[in-house]
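Colleague: Could you take me through this structure? I have a few questions about its details.

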Amino acid sequence: MKVNVMSDILKANDLLARDIENLLREKNIVSWNIMGSPGAGKTALLEKLIPMLPEHAAAAVIEGDLATSNDAERIAKTGVQSAQINTNGACHLDAAMVRSAIDTLNLDGLSLLFIENVGNLVCPSSFQLGERGRIIVSSITEGDDKPEKYPSMFKTADLVVLNKMDLEQNTNFKMGNFTRGMSATNPDASVIPVSAVTGGGFDQLLDWILQRLP
Ligand SMILES: Nc1nc2c(ncn2[C@@H]2O[C@H](COP(=O)(O)OP(=O)(O)O)[C@@H](O)[C@H]2O)c(=O)[nH]1
Ligand SMILES: [Mg+2]
C-alpha cells in the first residue's frame with residue numbers, strides 16, 4: 001500500500017489551521033500570513049505599518065525564523081505584543097507552531113494578527129496557518145520576474161507589497177514586467193508599491209488593511 005506522507009501532514013495541518021481560523025473569527029481578529037524572500041523587508045514593513053494603525057486596530061505579531069529572536073525584538077520596540085517561533089531549520093511555519101505562539105498572546109482587544117513566515121518563496125505556500133489571507137512582500141532588488149518564477153507562492157497572495165521602491169533608480173527593475181507576471185499568475189491580487197524606508201505607499205497599504213477589518 002502506498003502511503004502518502006506529505007498529504008497526511010498537510011491534512012493534519014489543515015485541521016489545526018481550521019481551529020485557529022475559528023478561534024480568531026470568534027475573537028474578531030483578522031490575521032495575515034506575511035510571506036516573501038529573506039531580506040524582502042517583511043519585518044521592516046511591519047515596523048513602519050504598526051505605528052500607523054489607529055487605536056481600534058490593535059495588532060500583535062508572530063515572527064517565524066529559522067533561528068534567533070531578532071525580528072520579535074525589533075517588533076517589540078513598536079510596543080505591540082510579539083511572539084517568536086524558531087523552526088530549527090524548517091523552511092516554513094505550520095499551524096501547530098502558530099497555535100503554540102497564539103497561546104502566549106493576550107488576544108483580548110486585538111483586531112489584527114500578523115504572522116511573518118520564514119523567508120522563502122517556495123515552502124510556506126503549502127501550509128495554511130488559519131489566516132484570513134496572504135500578503136507577499138517582494139522587493140524590487142529581487143528582480144521583476146518573481147511572480148512568474150514562483151507561481152505557487154504568488155498564486156495564493158491576496159496582496160503583493162512591492163518594497164524598496166526608493167531604490168528604483170539603482171536597479172533594472174521594470175514595473176511592466178512585474179505587473180505582466182502578476183496578471184499571468186494571479187490577476188486578482190492587489191499590488192501596492194511601497195518603501196519601508198521613506199514610508200511611500202504606506203497610506204494605501206494601511207487603507208487596504210483597514211478596509212478588511214470586520
Ligand atoms: N532601501 C531599502 N531598504 C529596505 C527597505 N525595506 C527593508 N530594507 C532593508 O532590507 C534589509 C532586510 O529587511 P528585513 O525587514 O529584515 O527583511 P525580512 O527578512 O524580509 O524581514 C534590512 O537591511 C532593511 O533595512 C526599503 O524599503 N528600502
Ligand atoms: Mg524578518
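Colleague: Which residue caps the N-terminal end of α4?

Modeller: This is a predicted model. In it, D94 caps the N-terminal end of α4, with a side-chain oxygen 3.1 Å from the backbone nitrogen of A96.

Colleague: Which residues are buried in α4?

Modeller: A95, V98, A101 and I102 are buried there. These residues lie on the same side of α4, because they cover an arc of only 120° around the axis.

Colleague: And what covers them?

Modeller: The cover of the buried residues of α4 includes α1 (5-26), β2, β3 and β4.

Colleague: Turning to the sheet, what is the order of its strands?

Modeller: The sheet is open and has 7 strands, in the order β3-β2-β4-β1-β5-β6-β7, with parallel pairing. Its edge strands are β3 and β7 (190-193), each of which pairs on one side only. On average, neighbouring strands of this sheet are turned by 20° against each other, direction ignored.

Colleague: How many bridges are there between β2 and β3?

Modeller: The two strands pair in the parallel sense over 6 bridges. Within this pairing, G64 stands opposite I85 in β3.

Colleague: A change of topic: what are the protein donors of the magnesium ion (ligand 2)?

Modeller: They are T43 (OG1), D71 (OD) and E116 (OE), at 2.1 to 2.2 Å from the ion. D71 belongs to helix α3 (residues 70-76) and E116 to strand β4 (residues 112-116); the two are 45 residues apart, and the pair links distant parts of the chain.

Colleague: Are D71 and E116 buried or exposed?

Modeller: Both D71 and E116 are buried.

Colleague: Finally, the backbone. What is the phi of T68, and what is that of N88?

Modeller: Most residues other than glycine have a negative phi. T68, however, has a positive phi near 75°, and N88 has a positive phi near 50°.

Colleague: Where are these two residues placed?

Modeller: T68 is in the loop between β2 (59-65) and α3, and T68 is partly exposed, with a relative accessible area of 41%. N88 is in the loop between β3 (81-86) and α4 (95-102). N88 is exposed, because its relative accessible area is 72%, above the cut-off of 50%.

Methods. Residues numbered from 1 in each chain as written. Chains lettered and ligands numbered in written order. Predicted model: local features only at pLDDT ≥ 70, side-chain atom pairs only at ≥ 80, totals over all residues. Heavy atoms only, no water. Donors = N, O, S within 2.8 Å, 3.2 Å for Na, K, Ca; no water. Helix = DSSP H or I, 4+ residues; strand = E, 2+ residues; numbered from the N terminus. Buried < 20%, exposed > 50% of the residue type's maximum accessible area, 1.4 Å probe, protein only. Arc of directions from axis to C-beta. Contact = heavy atoms within 4.5 Å. Polar contact = N/O pair within 3.5 Å; in protein donor to acceptor, adjacent residues only side chain to side chain. Pairing = 2+ DSSP bridges. Axes fitted to C-alpha atoms, helices over the stretch in contact; angles between N-to-C directions.
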